[in-house]
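Please look over the two-chain structure shown here before reading on. The report below takes up its parts one after another.

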Amino acid sequence: MSDFLQNTLDGLAAGASYALLALGFTLIFGVLRRANLSYGPAIMFGAYAAAWTSLNFHVGLGVLFAVMLATTVLAGAYVERLAFAPHRAGSAVAAMVASFALWMQFEEVATLVLPRHLYAFPALYEGGPLPLGALTVRVEALVMIGVAIAICGAVWWLLYRTRFGAAVRAVIDNPIAAGLSGISVPAVSIRIFALASAIGAVAGFLIVTTQEQVTPMLGMWSTLKGLLAMMLGGLGSLPGAVIGGLALGLIEAHSQWYLGPQLRDFLAYFLLFVLLAVRAPWMNTRSAS
Amino acid sequence: MLEIRDLVTAYGKIEALKGVSLDIARGSITCLLGPNGAGKTTLMMTIAGVLKPRRGTVKFQGEAIGGRTPDVIVARGIALVPENRLVFPSMTVLENLLAGGYQRRDDLSADIERLFGRFPRLKERSSQLAGTLSGGEQQMLAVARALMSRPKLLLMDEPSLGLAPLVVEEIFRTVAELHRDGTTIFLVEQNAHMALKVADHFYLMEQGRVSFSGNPGSLAEDEVIRRAYLGA
C-alpha cells in the first residue's frame, strides 16, 4: 500500500510538470490550430542559455531562472514569427515542418555553444527528501506541484477574468469571427506564444534543477511529453491538458513499478493508441476544420 | 460613404470578384442580390478585411482601406455580421457582446442594456453559452455583437439564411430600426422580396461582376428574382 501511495505521489509530481508542458502546448494549439514541434526545443534552448550563464558566471538560481525565462520567451516569439505568422492562413503542415526546422536550429546552436552531451545544472534544493508518514517526499516535487497549481490558477484567471483572456477564447472559438469583432489575431497569437513559452520555461527550470543536468534531449523530451499529455486529455482542451499531464505522470510511475522501466513509456503510448482507436468521448477525434 | 472600384479578389487562380465597382450612400440601406457563387460573400469578406483584394480600391469615408486587417476595418467603423453568424459557441452571450466591443475603452454596459432592450431573448440567456442558442437567437447575437463596435456601416451577409419566417421578419424589423437610428446598411440577401421592401438601392451580382444597379421599382420584382436566383 505504501508503495502504491509513494508511486502515486511521485507520479503526481512528474505529472505536474507534464501538465504545465501540455498547458503551454494546448494554448498554442488552441489559438493557432497548429502543433508547434519547437515548443520543447525552445525550452531546451532557454535551459542551455541558463547552463551557459551558470558555467561562466557565479550567479544564483534567481538569475539563472530569469535568463532561462527570457531566452525561452524570445525563442518562442522567434518560432511564432518565422514558422507560424507566415502560414497563418496557409497550410498547417507547412507551419509544422517549419517548426521542425527551427527545432534543428535550436539543437545545433545549443550544441555548438555547449558541445558536451551533458552539463551539470545547479540544484533547486540541496537537502534530502522529507518523511511523510511511511512515505518520503522530495522538496522539488512539492515545489513542482505547488507551482503547477499556481500557474493553472493564474491561466484560468487570465482566460476567464480579463479582457485579453476573452480575446484569446474568442480566437480559439473562431479566428475569423474574432477578427471581425476587432480583435487582432496576430497580436493575440504572439502573446500566447510568449505566455506558453514562459509556462514551459517554468516547467523546464524545475525539471533541470531537479535533475541537476541539461542535455540536448530536453527539447524532444518536452515536446513528446507535452504532446502526449495534450492528446491524452483531448486535443485542445485546457482542463484536459492538466488532467492528461497528471494521468501521464501517474501511468508512468505505476507502470515503472509494476512493469519495469522498459515498459514505462510503452504503456503511455499504448494507452493513447487505444483511446484514439476507440475514439474516447472526450477526445477531439473529429477532423479539424 | 463606401466606394469600391474594380475590385478583384481571387482564390488561387480563380477570380471570385472580377472587377466589382459599387457605391454605398451614407444613411442608406443597400442590398446585394445574386445567385449562389456570384461572389457576394467574397465581396463582404474583402470589405471586412478577411480576404485581401488582388486589385482595385475600397474607400471608406475617403480613406483607402483595401487590404487592411479586420481589426483595422472595425476601428474605422465597419462591422460585418458574417454568413452563418459565427458566434463564439463556447463563450456566453454576454461574453460574445463584450468581445464585439473589444476595441472600445469606454463603459460598455449602457450599450449592452440597450441591445438587451432590443433583443430581450438575449437578455434572458445572457449567461448561457452561445453554442446552445437556436439559429434565430444566434443571428440576433451576431447582429448585437457587430453593433457593439458602434459601426457607421453595418455589413450583413444573408442574415435570414435558414431562419423561420417569423424570425426573418424580426431580423428585417431590426434592420429597419437600425437604419432609422442612422446606421448605414449593406445587406446581402437571398430573400429578394424582403430585401427590396427595405432597400433604398440594390445591386445585382452575377459571376463576380455587378450586372445591374438601381432602385427598387426600376426593375420588376419578378425580373430581379429571376436574375438573382437563376443568374439569367
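What follows is a report on a predicted model, with a few headings to guide the reading.

A:Leu23 can be followed in more detail: leaving aside residues up to four places away in sequence, A:Leu23 touches A:Cys152, A:Val155 and A:Ile199, together with A:Leu238, A:Ala241 and A:Val242.

## Helix H9 of chain A

Helix H9 of chain A covers residues 217-232, and its 16 residues reach 22 Å from the first C-alpha to the last, close to the 22 Å expected at 1.5 Å a residue. This helix, H9(A), is mostly covered, with 12 of its 16 residues buried; among them are A:Leu218, A:Gly219, A:Ser222, A:Thr223 and A:Lys225, as well as A:Met230, A:Met231 and A:Leu232. A:Gly234, which follows H9(A), has a positive phi, near 95 degrees.

## The contact between the chains

To the contact between the chains, chain B brings 22 residues and chain A brings 14 residues. On the side of chain B that touches chain A, helix H2 (70-76) and helix H3 (93-100) of chain B each supply at least two residues. Sorted by class, that side of chain B consists of 14 nonpolar, five polar and three charged residues.

## An open sheet in chain B

In chain B, four strands in the order S2-S1-S4-S5 make up an open sheet with antiparallel pairing. Strand S2 (14-24) and strand S5 (63-64) of chain B each have a single partner strand and stand at the edges, so one side of each is left without a neighbour in the sheet. Strand S4 of chain B, residues 55-60, is joined to S5(B) by two bridges, and the two run antiparallel; B:Phe60 stands opposite B:Glu63 in S5(B).

Helix H1 of chain B, residues 40-47, lies across strand S1 (2-11), S2 and S4 of chain B, and runs at about 70 degrees to S2(B).

Most residues other than glycine have a negative phi. Against that background, B:Gln61 has a positive phi, near 50 degrees, although it is a residue other than glycine, and B:Gln61 is placed in the loop between S4 and S5 of chain B. B:Gln61 counts as partly exposed because 14 C-beta neighbours lie inside 10 Å, a number that falls between the limit of 12 or fewer for an exposed residue and that of 20 or more for a buried one. B:Gln207, which is not a glycine, has a positive phi of about 50 degrees, and lies in the loop between strand S9 (201-206) and S10 of chain B. With 14 other C-beta atoms within 10 Å, B:Gln207 is partly exposed.

The C-alpha atoms of B:Ser218 and B:Leu22, which are 196 residues apart along the chain, are separated by 17 Å.

Definitions and conventions. Residues numbered from 1 in each chain as written. Chains lettered and ligands numbered in written order. Predicted model: local features only at pLDDT ≥ 70, side-chain atom pairs only at ≥ 80, totals over all residues. Expected span 1.5 Å × (residues − 1). Contact = placed C-beta atoms within 7 Å. Nonpolar A, V, L, I, M, F, W, Y, C, P; charged D, E, K, R; others polar. Pairing = 2+ DSSP bridges. Axes fitted to C-alpha atoms, helices over the stretch in contact; angles between N-to-C directions.
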